[in-house]
Amino acid sequence: MRTSGADGQEQRGFALNQIVAAMLPGPSPLAIDNSAVRCRTLKTSIGCTGVGLHSGAKVTMVLHPAEAGTGIRFRRVDISGGGAIVPAHWSAVHDTRMNSCLRNDDGVVVGTVEHLMAALAGMQIDNCLIEINGPEVPVMDGSAAPFLFLIECAGVVEQATPRQAIKVLKRVTVQDGDRIASLTPSSGFSVRFEIDFASSAISRQEFFVNLSRGTFKSEISRARTFGFEQDVAALRAHGLARGGSLDNAVVIDSTGTRVLNDDGLRYGDEFVRHKVLDAVGDLYLAGAPLIGHFHGVRSGHALNNQLLRALFADQTAWTLTTVQPGSAAAPFTAAPLRMVANG
Ligand SMILES: [Zn+2]
């Protein structure tokens, strides 16, 4: 098991010319008490264009600052009548085949939200309105790194409202055959993941990470989605992976022994790290950061969502709590931002 350390390979640059800062005015800096952990949103709007991994659709997406208390929401701007809001919430997940796809009460969908959600979790963004003109979040390079970069470019501001988290109070487990996912009480937010593939290019991998400040970016964010060459035709026949390519996924050859990407892997155990990334994104659909330990064994989007449904079905299994400054129980918590006048 490895708990830290990348393989030292340089990150492949994502297309900077894809990233368009909309530079709309953000919320005014607030006179706040820096001793408290506050909700966070973006300082300005920022956007990107790309293709959907499964739909293959070209989409433009713009992340906007949002009022405290509104959470993470998508707005399909291509839907007539002023756009349709789709909440980034576990209860709106309706399709978990190869991605986490949201659907609102009117049947409007936003697919493959998990990598963006992971970046929002890693950057501790509580409130954000994401405008998108198609059915699926762009896959970019297949990881969360381009979204992290976008958020860093836009900047982050604290809001007046204290940050709240969901504290796990007792063990919750869901199982599907040899797939298991569980949440247990913990002082912070940590993830352990185990995978075991017949492919010798992956085989058995295990990874543990304590998601304190900075670890998501350094340990997890660059890990790309992956797939097998022999599955591509079948996936495409089912309307999946139509936008997939070696530019946005690690692909393993038909013998299961070799990575087809010229540049190889970004981390020696990139596969299991990507499963951690997916879990972080799926779990952020809880609606707030979790204080607890997640353990996944061959888990995926379906089981991750079932785990949240099981957690929230038992009102004695969780409680909403205000994140305490400097506490070990402050998931992802960064030091309070230093507020600068007009900045
Ligand atoms: Zn993924």
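Predicted model: local features only at pLDDT ≥ 70, side-chain atom pairs only at ≥ 80, totals over all residues.
How are helices H1 and H5 oriented to each other?

The axes of H1, residues 114-122, and H5, residues 270-283, come within 7 Å and cross at roughly 80°. H1 and H5 are therefore roughly perpendicular to each other. On the H1 side, the contact is made by Glu114, His115, Met117, Ala118, Ala121 and Gly122. On the H5 side, the residues are Leu277, Asp278, Val280, Gly281 and Asp282. By type, the contact residues divide into five nonpolar, three polar and three charged.

Some background on the whole chain. The protein has six helices and 20 strands. It is made of 343 residues, and 46% of them count as buried. If we take contacts with a separation of 6 or more, 76% come from residues 24 or more positions apart.

Now back to H1. How many of the residues of H1 are buried? The count is nine of nine, so to speak the helix is mostly covered. The list runs Glu114, His115, Leu116, Met117, Ala118, Ala119, Leu120, Ala121 and Gly122. And what covers them? The cover includes three further helices besides H5, namely H2 at 145-154, H3 at 215-220 and H6 at 301-313. It also includes strand S5 at 72-76 and strand S10 at 128-132.

Gly122 lies in H1 and is buried, with 25 other C-beta atoms within 10 Å. Gly122 and Gly214 are 92 residues apart in sequence, yet their C-alpha atoms are 7.9 Å apart in space. Next comes Met123, in the loop between H1 and S10. Met123 has 23 C-beta neighbours inside 10 Å and counts as buried. Leaving aside neighbours within four places in sequence, Met123 is in contact with Leu148, Ile151 and Val156. Its C-alpha atom is separated by 9.5 Å from that of Thr41, which is 82 residues away along the chain. Then, just after H1, Gln124 takes a positive phi of about 55°.

Most residues other than glycine have a negative phi. Two other residues here also have a positive value. Ala241 is not a glycine, and has a positive phi of about 65°. Ala241 sits in the loop between helix H4, 232-237, and strand S18, 250-252, and is buried, with 23 other C-beta atoms within 10 Å. Arg298 has a phi near 55°, again positive in a residue other than glycine. Arg298 lies in the loop between strand S19, 290-297, and H6. Is Arg298 buried or partly exposed? With 17 C-beta neighbours inside 10 Å, Arg298 counts as partly exposed.

Now the core. The largest nonpolar core has 90 residues. Which residues have the most contacts inside it? They are Leu120, Val276 and Val280. This core draws at least three residues from each of domain 1, 16-163, and domain 2, 166-322.

Take Val280, which is also part of the contact between H1 and H5. Not counting residues up to four places away in sequence, Val280 touches Ala118, Ala121 and Gly122, and also Val191, Leu211, Phe216 and Ile220.

Val276 lies in H5. Val276 counts as buried, with 25 C-beta neighbours inside 10 Å. Under the same exclusion of sequence neighbours, Val276 touches Val191, Phe193, Phe207, Val209 and Ile220. Val276 and Phe216 are 60 residues apart in sequence and 9.7 Å apart in space, C-alpha to C-alpha.

Last, one residue of H6, a helix that I named as part of the cover of H1. Asn304 lies in H6 and counts as buried, with 26 C-beta neighbours inside 10 Å. Beyond residues up to four places away, Asn304 touches Ala181, Ala279, Asp282, Leu283 and Ser299. Asp282 is also one of the H5 residues in the contact with H1. Asn304 and Thr96 are 208 residues apart in sequence, with C-alpha atoms 9.4 Å apart.

Technical notes: Residues numbered from 1 in each chain as written. Axes fitted to C-alpha atoms, helices over the stretch in contact; angles between N-to-C directions. Helix = DSSP H or I, 4+ residues; strand = E, 2+ residues; numbered from the N terminus. Parallel < 35°, antiparallel > 145°, perpendicular 65-115°, else oblique. Contact = placed C-beta atoms within 7 Å. Nonpolar A, V, L, I, M, F, W, Y, C, P; charged D, E, K, R; others polar. Core = buried A, V, L, I, M, F, W, Y, C linked by C-beta atoms within 7 Å. Buried ≥ 20, exposed ≤ 12 C-beta atoms within 10 Å, placed from the backbone. Domains from an automatic or database assignment.
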